[in-house]
Amino acid sequence: MKALVLNALGRGFDLDEVDIASPTGREVLVDVQASGLCHTDLLFATHDIAPTPSVLGHEVAGIVAALGPDVTQVHVGDRVVGSLAQVCGGCARCLSGRPFQCLHPESTLRRPGEFPRLSRGGIGLFQGFGLGGFAERALIHENQLAVVPKEMPFAQAALLGCGVVTGAGAVLNTANVKPGESVVIFGAGRVGLNAVSGARLAGAARIVVIDIQPKRLDAARGFGATDVIDSTTSKPVEVVRDLLPGGADHVFDFVGLKMVAEEGLAMLAVGGAL
Ligand SMILES: [Zn+2]
Ligand SMILES: [Zn+2]
């Protein structure tokens with residue numbers, strides 16, 4: 001099959017011929033229909049984070065083509081979306097309802113001695129996050145797949161795999177935002193917008209979004225922000241202190257700049273968290 005292979009750092013992706021193994025155990029062969037390009041893929045492609053050569057792509061949606069003999073959760077023909085959360089399903093964290101903190105994510109992969117899922121000339125390729133969506137097909141553990149409705153377009157479904165779960169998961173799982181609490185979100189990109197959705201689902205009373213682009217702030221309102229701040233024309237800490245006199249219960253930084261972290265800390269309520 002064809003795959004976009006990262007052969008070396010800083011060289012971009014090459015369209016190469018790659019071998020993909022047949023499914024064994026709980027593996028599922030997926031015909032890839034859509035694959036998102038996440039900024040993390042670009043980080044992997046330019047920084048020494050994971051081995052090369054590799055097949056990246058961790059926002060993947062497609063149709064189940066074949067099953068390993070032990071698969072129970074999906075069927076051939078199902079429309080599925082991959083998740084970058086690698087979940088064993090049996091450790092203490094998984095059993096206590098926090099599979100996103102699974103202690104044995106490696107259990108979704110083939111063991112080091114086994115023949116690799118992806119190879120070229122008999123030599124294995126690294127499969128990013130156990131997914132490898134930049135390819136015609138992907139071989140994925142069933143615990144990393146979710147079935148989506150037939151009506152859902154593949155391109156949008158693919159985004160569930162990282163952008164949606166990263167933003168909404170930060171709010172719902174990591175911060176565990178409660179009804180009535182206040183939330184401030186720096187950065188209304190794709191992850192930030194999904195954090196807004198998460199805050200709405202959590203029942204946050206105030207959802208304040210800060211960005212430098214008016215069109216992103218408009219999008220944030222569409223996703224459920226109650227207040228937006230353009231930080232090119234006003235000072236976020238002062239505006240947040242006006243909106244939330246006691247400070248913010250939760251601040252989320254989806255920007256990653258020192259100044260943003262400092263501003264986030266400066267607007268927290270007593271007992272709040274950045
Ligand atoms: Zn991602
Ligand atoms: Zn686990």
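This is a predicted model: local features need pLDDT of at least 70, side-chain atom pairs count only at pLDDT 80 or more; totals for chains, interfaces and linings use all residues.
Gly 224 comes directly after helix H6 and has a positive phi, near 125°.

H6 covers residues 214-223, and its buried residues are Leu 217, Ala 219, Ala 220 and Phe 223. Looking down the axis of H6, these buried residues fall within an arc of 155°, so they line one face of the helix. The face turned away from that buried side carries the exposed residues Pro 214, Lys 215 and Gly 222. What do the buried residues of H6 pack against? Their partners are helix H5 (190-202), strand S14 (206-211) and strand S15 (227-230).

Elsewhere in the chain, three strands form an open sheet in the order S3-S8-S9, with antiparallel pairing. Strand S3 (19-20) and strand S9 (123-124) are the edge strands, each pairing on one side only. Between S3 and strand S8, which spans residues 118-120, the antiparallel pairing runs over two bridges. Ile 20 has Leu 118 of S8 as its bridge partner.

Most residues other than glycine have a negative phi, and most peptide bonds are trans.

The peptide bond that leads from Thr 52 to Pro 53 is cis, and its omega is near -5°. Pro 53 belongs to the loop that joins helix H1 (39-46) to strand S5 (54-55).

Phe 129 is not a glycine, yet its phi is positive, near 55°. This residue lies in the loop between strand S10 (126-127) and strand S11 (137-141). Is Phe 129 buried or exposed? Phe 129 has 28 other C-beta atoms within 10 Å, and a residue counts as buried when that number is 20 or more, so Phe 129 is buried.

Asn 176 also is not a glycine and has a positive phi, of about 55°. The loop that holds Asn 176 runs between helix H4 (163-174) and strand S13 (182-186). How many C-beta neighbours does Asn 176 have inside 10 Å? The number is 11, and the limit for an exposed residue is 12 or fewer, so Asn 176 counts as exposed.

Phe 129 and Asn 176 can then be set side by side: Phe 129 is buried, whereas Asn 176 is exposed. Each has a positive phi, near 55° for Phe 129 and about 55° for Asn 176.

Methods: Residues are numbered from 1 along each chain as its sequence is written. Chains are lettered from A and ligands numbered from 1 in the order in which they are written. Helices (H or I, at least four residues) and strands (E, at least two) are DSSP runs, numbered from the N terminus. Two strands pair if DSSP finds at least two bridges between them. The arc is that of the directions from the helix axis to the C-beta atoms. Two residues are in contact if their C-beta atoms, placed from the backbone, lie within 7 Å.
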